[in-house]
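Let's take a walk through a protein model, one piece at a time. Have a look at the picture first, then read on.

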Amino acid sequence: MAELLRVEDLKKFFPIKGGLFGKGKGIVYAVNGVSFSIDRGETVGLVGESGCGKSTLGRTILRLIEPTSGRIIFEGKDILQLKGKELRSLRKEMQIIFQDPYASLNPRMTVEEIVGEAFTIHGIARGREREKRVRELLDIVGLPSDAINRYPHEFSGGQRQRIGIARAIALRPSFIVADEPLSALDVSIQAQIIKLLEEIQKEFNITYLLITHDLRVVRHITSRVIVMYLGKIMEMAPTESLFQGFTHPYTEALLSAVPVPVPGSKRKRIILRGEIPSPMNPPPGCVFHTRCIYAQERCRKEEPQLLPRGGGVLSACHFPVR
Ligand code: SF4
């Protein structure tokens, strides 16, 4: 498969201002030197605990947040160099589905205005033509045609997420960041939305970066997984090989915390002790060393690099599990 997106040493730091004279109080190292690539048509899962930087990474790739440094190459172009018209045209190619379908839809706009807004902004369609296109999109996402004149509050959570998906695919993007698209929904509805995401991927050849904390969803629909902790990638692997044989202790802890059935596996349960450290003050050496059951002296001093472990697996650990 051809590469669609490549991220090189991406960093996003947020300075924290405060105090009497607005002096800097510190820096949040939200994304701290992340590199990976995604092939066209792939679904890559991005997992990790809350506060690990996965949502910031997703938004930075889309330039909804400007990065501190690094490179983002999309379809061969360094998108951080794009401005004006070129940047607007990039926006058609890269879209986002938000976590909370309640909060992400403007309650004062009708479904036609929400889904059709992009057609107006990009000068693609107005009036009858826009209405026709919105009705087509509603049909694709499984909403009735008469939803077009209704407001978000008139829909259930699952239906609102369908509206959010219709909005995301309106301009036929090639890449979508889906940021926890299921976590606000009931389990029964989640399955329907997963099916819809898979259907539109096939129909429109969409590439997904799926941000989630739900490893069962990851196992079901992704082909590769990136595991993040404190702004850094800990492990990156084809999905099945990660579930059959992780190499990083953090992945081991994440997997042991959820009931993901692995045939023949006698996994021990590892309790992650303590809170994730503050991203304002990440630990030296391996950022995971304060919670890692395998940590040794070297881990406290020397940062492990993300190294290949065979079979497309990369992990950042001095003492990999396998
Ligand atoms: Fe644990 Fe050391 Fe590996 Fe970090 S480098 S994950 S602390 S064993």
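Which strands form an open sheet, and in what order? There are 4 of them, in the order β2-β1-β4-β5, and the pairing is antiparallel. Before going further, a word on the ground rules: this is a predicted model, where local features need pLDDT of at least 70 and side-chain atom pairs count only at pLDDT 80 or more, while totals for chains, interfaces and linings use all residues. Residues are numbered from 1 along each chain as its sequence is written, and side-chain values use heavy atoms, with hydrogens and water left out.

The names come from DSSP runs, numbered from the N terminus: helices are H or I runs of at least four residues, and strands are E runs of at least two. Two strands pair if DSSP finds at least two bridges between them.

Now find strand β3. 5 of the 5 residues of β3 (residues 43-47) are buried, so the strand is largely enclosed by the rest of the structure. (Buried means under 20% relative accessible area, exposed means over 50%, and partly exposed is in between, using a 1.4 Å probe and protein chains only.) Both faces are covered, with T43, G45 and V47 on one side and V44 and L46 on the other. β3 pairs in the parallel sense with β8 (residues 207-211) over 4 bridges, and T43 has Y208 as its bridge partner there. β3 also pairs in the parallel sense with β9 (residues 224-229), again over 4 bridges, and here G45 is partnered by V225.

Most residues other than glycine have a negative phi. L230, though, has a positive phi, near 45°, and at 2% relative accessibility L230 counts as buried. E180 is another non-glycine with a positive phi, of about 50°. You'll find E180 in the loop between β7 (175-179) and α6 (187-204), and it counts as buried too, at 8% relative accessibility.

Next, how do helices α3 and α4 pack? The angle between α3 (residues 111-121) and α4 (residues 127-140) is about 115°, and their axes are 9 Å apart. They are therefore roughly perpendicular to each other, a label for angles of 65 to 115 degrees (under 35 is roughly parallel, over 145 roughly antiparallel, and the rest oblique). Among the residues that meet are V115 and F119 in α3 and V134 and L137 in α4. The buried residues of α3 include I114 and A118, and what covers the buried ones includes α4 and α5 (157-169). After α3 comes G123, with a positive phi near 65°.

Last stop: F319, in the segment after β12 (313-315). F319 is partly exposed, with a relative accessible area of 29%. Leaving aside neighbours within four places in sequence, F319 is in contact (heavy atoms within 4.5 Å) with Q296, R298 and C299.

Key
Axes are lines fitted to C-alpha atoms, for helices over the stretch in contact, and angles run from 0 to 180 degrees between N-to-C directions.
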